[in-house]
Amino acid sequence: MQINTMLKTIPALLLGATLSTGALAADIKLGVAEALTGPAAKYGVAIKNGFTLAAEEINAKGGVNGSKLELVIEDEQGKKEEAINVFKKLIFQDKVLAVFGPTLSNSAFAADPIANAAKVVAFGTSNTADGITAMGPFTFRNSVMEADVLPVTVKAAVKHFGIKKVAVIYGNDDAFTKSGYDVFKATLEQQKIPTTTTEAYAKGDVDFKAQLTKIKAGNPDAIVCSCLAEEAANIILQTRALGMKQPFIGGNGLNSPKLFEIAKDAGDNTLMGSPWSSENLTPANKAFIAAFKTKFGSEPDQFAAQAYDALYIMAEALKTVKLSGNLAKDRDAIRAALPAVKIDGATGKFAFRAAPAVAGKQVGFDADQEAIVNIAKGGKFVLLK
Amino acid sequence: MLEQQLINALSLGSVYALFALGFTLVFGVLGVINLSHGAIFMLGSYAALLLVEQMALPLWLALILAMVATGLIGLVVDVLVLKPLRRRNAPHLIPMIATIGVAIMITNISQGIFGAENKRFPVGTIPEESVSLGNLHITAVQVAIIVIAFVLMVVLLGVMRKTQLGRALRAIAESPKAAYLLGINVEGLFLLTSFAAAALGGAAGVLVGVSFNAISPFMGQPMLHKGIAVIILGGMGDIRGAMIGGLFLGFAEVLTVAYISSDFRDAVAFGLLFLILLVKPSGMFGKVLERKA
């Protein structure tokens with residue numbers, strides 16, 4: 001009996017829920033699925049802060065076409081399984097218009113297919129691995145691919161330091177550092193720079209001296225490091241303790257104040273390519289950095305900047321869409337509107353670029369953005385001139 | 001290059017050994033694989049970091065106080081988790097699973113309090129320059145870790161072998177029931193062991209935190225994996241075994257990197273370990289465990 005009544009009430013409840021969302025049509029719900037706990041939380045929390053700041057700014061200025069943006073923020077813990085769960089919740093239960101996230105490329109490969117199947121935009125702000133946008137036409141990202149950034153960085157390093165040969169070190173059990181390594185490897189081959197040795201380490205390793213001693217024996221002109229900032233900082237410090245003075249070349253992963261909190265001046269002469277730099281003094285970036293500091297009392301990083309820009313990109317797309325209240329139709333309209341968006345944000349001039357078609361079919365959109373090459377001087381990154 | 005790699009191996013092996021000392025002590029006396037040892041190791045790092053950062057204490061004092069603090073936490077874990085299970089005569093697997101829960105709780109709470117980011121001791125806490133002997137580079141911390149690991153091992157061995165306390169502990173390890181009948185304060189010594197083991201874990205945490213600048217709530221887990229390997233290799237519950245097992249793992253890892261490939265660091269080290277256990281399943285110094293009816 002009880003079950004029977006329950007079964008009868010469920011459709012009524014669902015109907016009620018739909019009606020009430022219809023009634024509150026003034027708010028535009030956007031899902032944010034990021035790693036707010038666990039080892040990837042340092043990125044996820046920065047991303048969340050970037051979104052929160054942008055949402056407050058946009059809403060303070062009256063929202064989009066008179067509607068306020070409402071962020072539904074969920075913790076995907078940096079895990080594939082959780083990313084899938086959270087995407088499902090945001091899409092089917094919270095009925096958001098589009099989903100931002102997840103934080104890690106690993107998780108994006110697991111969760112983005114769900115969004116594509118449900119025909120909801122999955123917008124990554126920190127996924128740089130190859131092949132993310134090949135997953136379907138609803139996948140977008142404004143994070144610049146390693147494949148775009150690293151060749152520019154290596155070329156600049158070769159010119160700046162007069163490099164003839166390099167050693168490589170990378171984390172071999174992380175999608176981000178492994179994918180960065182693959183790009184570095186291809187880049188070094190392309191630019192005909194020989195490698196003295198390639199060394200790997202695993203997540204959680206803290207002692208890199210064995211690898212570094214081996215690198216030292218090959219006497220390279222520079223060390224290419226596809227690592228996260230904290231590992232890189234320790235690798236740099238341990239290199240110096242072994243009496244080595246080589247400069248480092250790295251990617252996105254090194255773009256964090258953490259590098260210098262740990263390595264201090266030992267990190268000087270490290271070259272790093274990134275779409276964002278705190279030294280890039282455009283008005284939009286200056287305003288972003290100032291607002292972020294006021295709100296959170298800390299320096300923003302690249303991850304916050306990319307999330308901040310992503311919401312402005314979304315808002316720009318929403319401006320051109322007339323929301324009908326029919327969720328499926330509106331979700332599709334957002335997807336159709338996004339590719340045309342161009343903004344000048346904290347990370348500079350931004351536009352989308354269609355990802356290469358898969359089996360003749362148009363898939364998602366990558367970032368079409370210039371990489372900025374930075375050099376560490378006196379414990380911070382400055383633009384390499 | 002080889003001399004440098006041997007120094008690297010010796011210091012890495014000492015870290016593993018130091019971590020494994022407390023871990024193996026608990027197993028030896030309590031018969032429990034305490035999987036919260038990694039989390040307690042992590043707390044040692046943070047305790048010393050707070051003492052150095054907030055109260056500007058010298059490192060040696062912070063090390064001692066961190067050992068006391070983690071010792072007390074070990075005591076709390078024993079009283080709240082292990083003791084009730086002992087009283088109920090729970091089979092071996094249960095306290096092990098319970099300590100996994102404790103580890104997850106401690107890790108999560110620490111993340112809430114300290115954040116997920118890596119922290120480091122303030123620059124200047126320890127001399128960072130390395131001493132160079134020709135092509136050889138040794139840092140003060142490397143020397144300290146090697147010395148402290150050996151000293152703690154010798155002290156622990158001395159206590160176990162030469163003192164009344166050690167005899168009582170060994171009696172408990174043989175049979176808690178018999179020891180109790182002989183008038184030994186079994187429960188008190190269980191608590192003392194949990195305290196000492198956690199304090200040793202804390203000391204390892206402080207030294208690892210100082211030398212590798214990567215204090216994070218998650219630093220205990222990878223160390224725990226190595227620690228389990230080390231005490232199994234050395235013989236569960238054997239103090240010399242923990243030391244030699246730790247050094248073995250350190251050398252195996254470093255020499256794999258030096259002569260094979262860093263890609264196979266763990267594969268070769270753990271493969272060798274597996275081979276040794278095939279030959280001597282009880283570990284290098286362990287007695288074959290008798291199945292208790």
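Contact means heavy atoms within 4.5 Å. By that rule, B:Phe248, B:Leu249, B:Ala252, B:Glu253, B:Thr256 and B:Val257 in H10(B) meet a set of residues in H11(B) that includes B:Arg265, B:Phe270 and B:Ile276. This is a predicted model: local features need pLDDT of at least 70, side-chain atom pairs count only at pLDDT 80 or more, and totals for chains, interfaces and linings use all residues. Residues are numbered from 1 along each chain as its sequence is written, chains are lettered from A and ligands numbered from 1 in the order in which they are written, and side-chain values use heavy atoms, with hydrogens and water left out.

**Confidence**
- pLDDT is the predictor's confidence in each residue, from 0 to 100.
- Chain A averages a pLDDT of 90, and 93% of the residues score at least 70.
- Residues 15-25 of chain A fall below 50, and this stretch has 1 contact in the model beyond near neighbours in sequence.

**Nonpolar cores**
- A nonpolar core is a set of buried Ala, Val, Leu, Ile, Met, Phe, Trp, Tyr and Cys residues joined through side-chain atoms within 4.5 Å.
- Buried means under 20% relative accessible area, exposed over 50%, and partly exposed in between (1.4 Å probe, protein chains only).
- The largest core has 87 residues; B:Leu21, B:Leu25, B:Val29, B:Ile172 and B:Ile239 touch the most other members.
- Helix H1 (residues 2-30) of chain B gives this core its largest share, 14 residues.
- Helices (H or I, at least four residues) and strands (E, at least two) are DSSP runs, numbered from the N terminus.
- Another core, of 76 residues, lies apart from it and includes A:Trp276, A:Phe303, A:Tyr308 and A:Ile343.
- Beyond neighbours within four places in sequence, B:Val29 is in contact with B:Met160, B:Leu169, B:Ile172, B:Ala173, B:Phe190 and B:Thr193.

**A helix pair in chain B**
- The axes of H10 (residues 239-259) and H11 (residues 265-279) of chain B come within 8 Å and cross at roughly 135°.
- Axes are lines fitted to C-alpha atoms, for helices over the stretch in contact, and angles run from 0 to 180 degrees between N-to-C directions.
- H10(B) and H11(B) are therefore oblique to each other.
- Angles under 35 degrees count as roughly parallel, over 145 as roughly antiparallel, 65 to 115 as roughly perpendicular and the rest as oblique.

**Buried residues in chain A**
- A:Phe208 sits in the loop between strand E7 (195-201) and helix H7 (209-218) of chain A.
- A:Phe208 is buried, at 0% relative accessible area.
- A:Phe208 and A:Ile235 are 27 residues apart in sequence and 6.3 Å apart in space, C-alpha to C-alpha.
- Leaving aside neighbours within four places in sequence, the contacts of A:Phe208 are A:Tyr201, A:Glu231, A:Asn234, A:Ile235 and A:Gln238.
- A:Gln238 belongs to helix H8 (residues 229-241) of chain A and is buried, at 5% relative accessibility.

**Backbone details in chain A**
- Most residues other than glycine have a negative phi, and most peptide bonds are trans.
- The peptide bond from A:Gly101 to A:Pro102 is cis, with omega near -10°.
- A:Lys264, not a glycine, has a positive phi of about 50° and is partly exposed, at 39% relative accessible area.
- A:Ala359, also not a glycine, has a positive phi of about 55° and counts as exposed, at 79% relative accessibility.
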